[in-house]
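Welcome! Please take a moment to look over the sequence and the model below before reading on.

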Amino acid sequence: FLSFQEGRRQRREGRLEARLQAPGSMALALPAAASLVDQLDKKVLILLRDGRHLVGIMRSFDQFSNVVLEETFERRVVVSAEGKHYGDIPLGLYVVRGDAVVLLGEVSEEREAGPDHPTEVSPEEIIALEEAVHDDHQNTAGPLTLADDA
């Protein structure tokens with residue numbers, strides 16, 4: 001097996017893909033962490049166990065699926081009566097523990113620019129929208145009383 005650094009160097013030179021897809025060679029079964037090599041140096045979205053969404057450029061990972069993201073921001077999405085909106089809150093360089101990752105995938109620039117994608121707003125606006133939706137939900141739900149149980 002290749003070391004991480006050697007595999008990354010060969011990937012950049014295009015030789016690793018050729019070895020993995022060489023005709024007549026046995027298909028290599030990569031462990032889960034090694035399958036992340038395709039996302040290196042690409043913009044990815046990570047869904048965390050606590051429900052947060054992180055978007056950034058994946059720069060590195062290890063055997064435990066810990067991930068290093070560069071130019072990271074937390075993407076917050078709000079669906080309200082006004083429509084779907086999202087805001088990106090900058091975080092910078094970020095290290096994500098592998099056991100906190102639920103889902104990791106490459107971000108499609110074409111889909112982000114598409115008409116079905118939510119409207120981007122500033123971080124201040126998305127926080128205000130979150131508070132408004134939260135307040136509306138609390139006002140419509142109302143407190144639970146004993147009379148409601150009967």
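Here is a short briefing on the fold, the strands, a pocket and a few residues.

This is a predicted model, in which local features need pLDDT of at least 70 and side-chain atom pairs count only at pLDDT 80 or more, while totals for chains, interfaces and linings use all residues. Residues are numbered from 1 along each chain as its sequence is written, and side-chain values use heavy atoms, with hydrogens and water left out. The protein chain holds five helices and six strands, where helices (H or I, at least four residues) and strands (E, at least two) are DSSP runs numbered from the N terminus.

**The chain as a whole**

- Of the 150 residues in the protein chain, 26% are buried; here buried means under 20% relative accessible area, exposed means over 50%, and partly exposed lies in between (1.4 Å probe, protein chains only).
- The protein chain exposes about 10200 Å², and carbon and sulfur atoms supply 55% of that area. Accessible areas come from the Shrake-Rupley method with a 1.4 Å probe, and for residues only the protein chains shown count as cover.
- Among contacts in the protein chain with a separation of 6 or more, 52% are between residues 24 or more positions apart; a contact means heavy atoms within 4.5 Å.

- Six strands make up an open sheet in the order 5-1-2-3-4-6, and the pairing is mixed. Two strands pair if DSSP finds at least two bridges between them.
- At the edges are strand 5 (101-106) and strand 6 (119-121), each of which pairs on one side only.
- From one strand to the next, the twist averages 35°; axes are lines fitted to C-alpha atoms, for helices over the stretch in contact, and angles run from 0 to 180 degrees between N-to-C directions.

**Strand 3 and its partners**

- Strand 2 and strand 3 run antiparallel and are joined by six bridges. Ile57 has Glu70 in strand 3 as its bridge partner.
- These two strands form a hairpin with five residues between them. Ser65 sits in that loop between strand 2 (53-61) and strand 3.
- Strand 3 (residues 67-80) and strand 4 (residues 83-96) are also antiparallel, with 12 bridges joining them. Glu74 has Ile89 in strand 4 as its bridge partner, while Arg75 stands opposite Asp88 in strand 4.
- A hairpin links strand 3 to strand 4 through two residues.

**A pocket to look for**

- The second largest pocket contains about 360 Å³ of space. On a 1 Å grid over the protein atoms alone, a pocket is an open set of points where a 1.4 Å probe fits, with protein on both sides within 12 Å along at least five of seven lines, and lining residues have an atom within 4 Å of a point. Grid points are joined across faces, edges and corners, and the volume is the space filled by probe spheres set on the points.
- This pocket is lined by 14 residues, and the closest to its centre are Arg75, Ser108, Arg111, Glu112 and His117.
- Strand 3, strand 5 and helix 3 (109-112) each give two or more residues to the lining.

**Residues worth a visit**

- Gln39 lies in the loop between helix 2 (15-20) and strand 1 (43-48). Gln39 counts as buried because its relative accessible area is 17%. Leaving aside residues up to four places away in sequence, Gln39 touches Val44, Met58 and Leu104.
- Ser65 has a phi near 65°, a positive value in a residue other than glycine. With a relative accessible area of 23%, Ser65 is partly exposed.
- Glu71 lies in strand 3, and its phi is near 55°, again a positive value in a residue other than glycine. Glu71 is exposed, at 54% relative accessible area.
- Ala81 belongs to the loop between strand 3 and strand 4, and is exposed, with a relative accessible area of 83%. Ala81 and Val133 are 52 residues apart in sequence, and their C-alpha atoms are 9.0 Å apart in space.
- Ser122 lies in the loop between strand 6 and helix 4 (123-141). Ser122 has 24% relative accessibility, so it counts as partly exposed.
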